[in-house]
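This report covers side-chain interactions: charged pairs, nonpolar cores and aromatic rings. The sequence and structure are shown first.

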Amino acid sequence: MSMNQNPTEGYLDMELLRFTTAGSVDDGKSTLIGRLLYDSKAIFEDQMEAVKDYSLRRGRTEIDLSLFTDGLRSEREQGITIDVAYRYFATPKRKFIIADTPGHIQYTRNMVTGASTANAAIILIDARNGITEQTRRHCFIASLLRIPNLIVCVNKMDLVDYDASIYNRILFEFKSLESKLNFNEIKFVPISALNGDNVVQKSAKMPWYTGITLLEVLETTDIQTGNNFTDGRFPVQYVIRPHHTNYHDYRGYAGRIEGGIFHPGDQVVVLPSGFRSVVESIDQYKSSVTEAFPPMSVTMRLADDLDISRGDMIVKADSMPDVGQDINAMVCWMNPSPMRLGGSYILRQTTREVKCILRDSASRVDVNTLEETDSHEALSMNEIGRVNIKTAKPLVFDTYQRNRRTGSLILIDEATNETVGVGMIV
Amino acid sequence: MSNFNLTHLQELEAESIYILREVAAQFERPVLLFSGGKDSIVLVHLSLKAFWPAPVPFPLLHIDTGHNFPETLEYRDKLVRQTGTTLIVGSVEESIRQGRVVDEKGVNASRNVLQTTTLLDAIAAHKFDAAIGGARRDEEKARAKERFFSHRDEFGQWDPKNQRPELWNIFNGRKRLGEHFRVFPISNWTEMDVWQYILLEKIEMPSLYFTHRRLVFQRDGVWLADAPFMAKFPDEKVVEMDVRCRTIGDVTCTGVTLSHANSVEDIVNEIAATRITERGGRYDDRRSDAAMEDRKREGYF
């Protein structure tokens with residue numbers, strides 16, 4: 001499973017999958033990640049020695065796989081994961097980035113953070129307990145953040161004698177949840193992270209399970225479903241003007257393709273100004289490309305000399321985004337100081353920064369039951385609800401459901417400069 | 001849709017270029033921390049790509065401990081000439097002369113910790129508001145939680161329990177006067193990714209990374225390069241071996257590995273087969289279990 005075979009050959013054209021794991025100390029999440037890293041040989045001998053040494057000093061007799069993922073000193077002391085940590089491993093097929101987040105209710109904000117860049121989410125269910133409040137919360141957040149693929153691992157199968165009927169009962173129970181969730185695909189795997197059953201190696205103890213292992217699921221999950229390939233979106237990040245003799249008249253717009261496929265010759269509109277032009281060239285270092293798609297970083301040149309700067313968006317004329325100052329967003333509050341209704345904040349969306357006022361809160365979502373109820377109270381930390389935002393200048397946006405990159409925003413407190421809230425435009 | 005697929009290296013490159021452009025757009029006086037190691041060399045390469053055909057819009061800052069491999073300085077000066085970038089050097093020797101720091105004593109003395117003061121002084125003197133570094137999250141436990149945009153207070157300190165949330169690709173670089181940011185564009189790269197990228201992009205590397213004969217001695221299982229300023233125990237015998245550096249830093253703390261790797265391809269194959277992390281040879285991390293976290297809190301790279 002390591003990248004040992006033909007590293008120079010195989011490794012150069014691997015794909016990248018970003019996934020998130022949510023769970024608490026009790027459901028074996030850290031052990032599962034430790035297992036994935038260990039079995040795919042992403043853990044090195046000196047890391048292994050350090051963990052062995054630490055386990056022994058703490059009076060444990062076996063190596064605690066979960067220690068591989070517990071990074072900061074304060075976490076080790078408390079024995080909990082307090083923040084999002086990123087882990088890396090690779091197989092000959094793919095490189096993986098894990099956003100590892102804690103699962104307690106007070107850490108909703110961390111789960112939201114980890115989910116924002118993920119293309120798949122692993123949810124762990126303890127086979128002994130079945131679906132809990134925490135399972136529902138994790139599923140809901142993954143669904144709200146539009147992670148396209150959900151992988152449900154029924155863990156600790158070793159503690160229920162690898163019993164198929166227990167696994168099937170959990171699957172059946174899960175069906176009642178599915179109507180409230182919004183995923184492209186949901187897959188189920190019965191595992192024991194502790195013993196490694198069906199994680200990397202197929203388990204001999206569960207012959208009744210005919211599906212593939214968790215690692216095989218990760219290797220075959222669709223990595224493109226997170227990107228929008230239909231609506232051409234190019235937020236301008238930075239204007240490149242070399243001012244030297246060879247490139248005297250060069251004026252390029254640097255940025256990332258956040259939606260659709262762009263070609264030279266495409267009809268485009270610059271928003272919010274509404275000027276029309278044609279793509280003259282799409283440049284990368286010392287060369288040009290014939291097409292550009294998410295998530296490429298490119299420099300675009302237009303046929304006309306227009307006044308364009310950071311915060312503007314170049315869009316394809318065949319599918320226009322919304323432009324407006326009245327925004328409705330599902331907001332998750334991230335800061336210990338609660339939201340100030342009627343208060344003014346700085347809003348960032350794509351490369352644009354504007355002032356805004358949080359006018360009204362319309363609802364509150366119970367992340368445990370997935371119920372949305374009317375509420376006009378201001379949100380506190382870790383709460384999620386619908387908020388009406390008025391911006392000082394127009395935003396160029398899509399709904400979050402249509403495009404995660406042009407439909408997301410953050411709210412910054414003007415006094416502290418902290419990121420206090422994050423929103424998904426509805 | 002299968003035509004619209006980037007390889008993992010293309011995707012990592014696109015992400016890093018995006019971050020570098022965010023730095024240029026959000027900050028007034030950014031600087032790139034250049035150590036002479038492979039990660040900062042890749043950062044310079046990515047910066048050239050991010051702003052082409054315009055020049056790189058920030059200078060390079062090298063913190064010189066005075067205990068450098070001469071090859072590092074040679075490579076550095078050549079790179080600066082070839083890329084047309086500006087170089088600023090912060091000198092630890094100078095900080096010692098000014099009495100800002102005191103050299104460590106004894107056999108395990110290293111100027112690694114002293115660099116922090118020189119770095120923070122340089123940041124203050126030049127009013128830099130963003131320092132771009134080549135740290136990667138896979139290097140070390142404390143770094144696994146570091147943000148791309150990492151806020152530092154007016155004392156240059158990092159507060160790991162109170163980091164700003166970082167979602168999607170929206171980066172908040174707002175700060176008060178006197179505060180600054182550390183930015184890590186290659187956070188998501190692994191050691192393997194870095195070498196594969198060097199191979200793919202044919203980036204010229206310092207000779208220290210390739211096999212060469214060198215006078216070395218062993219301490220706690222780590223091979224260290226001999227130099228006039230390296231204090232040794234009587235039983236530490238200096239021998240000549242074929243070695244290469246896996247990381248490049250100050251001579252006092254950079255372990256070397258026995259290796260015959262002669263090309264970038266050899267290095268990639270060697271890393272694929274190896275079972276020790278690159279920082280396993282870093283003497284500075286061995287000081288304690290949380291050595292890196294403690295140094296980072298104080299303002300280390």
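Arg136(B) is buried, its relative accessible area being 1%. The model is a predicted one. Asp138(B), with a relative accessible area of 25%, is partly exposed, and its salt bridge with Arg136(B) brings the closest N and O atoms to 3.0 Å apart. These two residues belong to a network of salt bridges that also links Lys38(B) and Asp39(B).

Glu191(B) and Arg246(B) form a further salt bridge, in which the closest N and O atoms are 2.8 Å apart. The pair links distant parts of the chain, 55 residues apart: Glu191(B) belongs to helix α6 (residues 191–201) of chain B, and Arg246(B) to the loop between β9 (239–245) and β10 (255–258). Both Glu191(B) and Arg246(B) are buried.

## Salt bridges in chain A

Over all chains, the search finds 42 salt bridges. One of them joins Arg386(A) to Glu372(A), with the closest N and O atoms 2.6 Å apart. Arg386(A) lies in strand β20 (residues 384–397) of chain A and Glu372(A) in strand β19 (residues 371–374), so the pair ties together parts 14 residues apart in sequence. Arg386(A) is partly exposed at 29% relative accessibility, and Glu372(A) is partly exposed at 36%.

## Nonpolar cores

The largest nonpolar core has 74 residues. Among those with the most contacts inside it are Phe19(A), Leu36(A), Leu218(A) and Trp168(B). Beyond its neighbours within four places in sequence, Leu218(A) is in contact with residues including Phe19(A), Leu36(A), Arg94(A) and Phe96(A).

## Aromatic pairs and charges over rings

There are 24 aromatic pairs over all chains. Phe19(A) and Phe96(A) form an edge-to-face pair, 6.2 Å centre to centre with 75° between the planes. Phe19(A) is in strand β1 (residues 15–23) of chain A and Phe96(A) in strand β3 (residues 94–102), so this pair ties together parts 77 residues apart in sequence. Both Phe19(A) and Phe96(A) are buried.

The ring centres of Tyr400(A) and Trp168(B) are 5.8 Å apart and the planes are at 65°, so this pair is also edge-to-face. It crosses between chains, and both Tyr400(A) and Trp168(B) are buried. In chain B, ring pairs link Tyr18(B), Phe27(B), Phe148(B), Phe149(B), Phe171(B) and Phe181(B) into a cluster. The charged end of Arg256(A) sits over the ring of Tyr18(B), 5.6 Å from its centre. Lys316(A) lies over the face of Phe262(A), 5.9 Å from the ring centre.

Technical notes: Residues are numbered from 1 along each chain as its sequence is written. Chains are lettered from A and ligands numbered from 1 in the order in which they are written. This is a predicted model: local features need pLDDT of at least 70, side-chain atom pairs count only at pLDDT 80 or more; totals for chains, interfaces and linings use all residues. Side-chain values use heavy atoms; hydrogens and water are left out. A nonpolar core is a set of buried Ala, Val, Leu, Ile, Met, Phe, Trp, Tyr and Cys residues joined through side-chain atoms within 4.5 Å. Buried means under 20% relative accessible area, exposed over 50%, partly exposed in between (1.4 Å probe, protein chains only). Contact means heavy atoms within 4.5 Å. A salt bridge is a side-chain nitrogen of Lys or Arg within 4 Å of a carboxyl oxygen of Asp or Glu. Helices (H or I, at least four residues) and strands (E, at least two) are DSSP runs, numbered from the N terminus. Rings of Phe, Tyr and Trp (its six-membered ring) pair if their centres lie within 6.5 Å; planes under 30 degrees apart count as stacked, over 60 as edge-to-face and the rest as tilted. A charge sits over a ring if NZ of Lys or CZ of Arg is within 6 Å of the ring centre and within 35 degrees of the ring normal.
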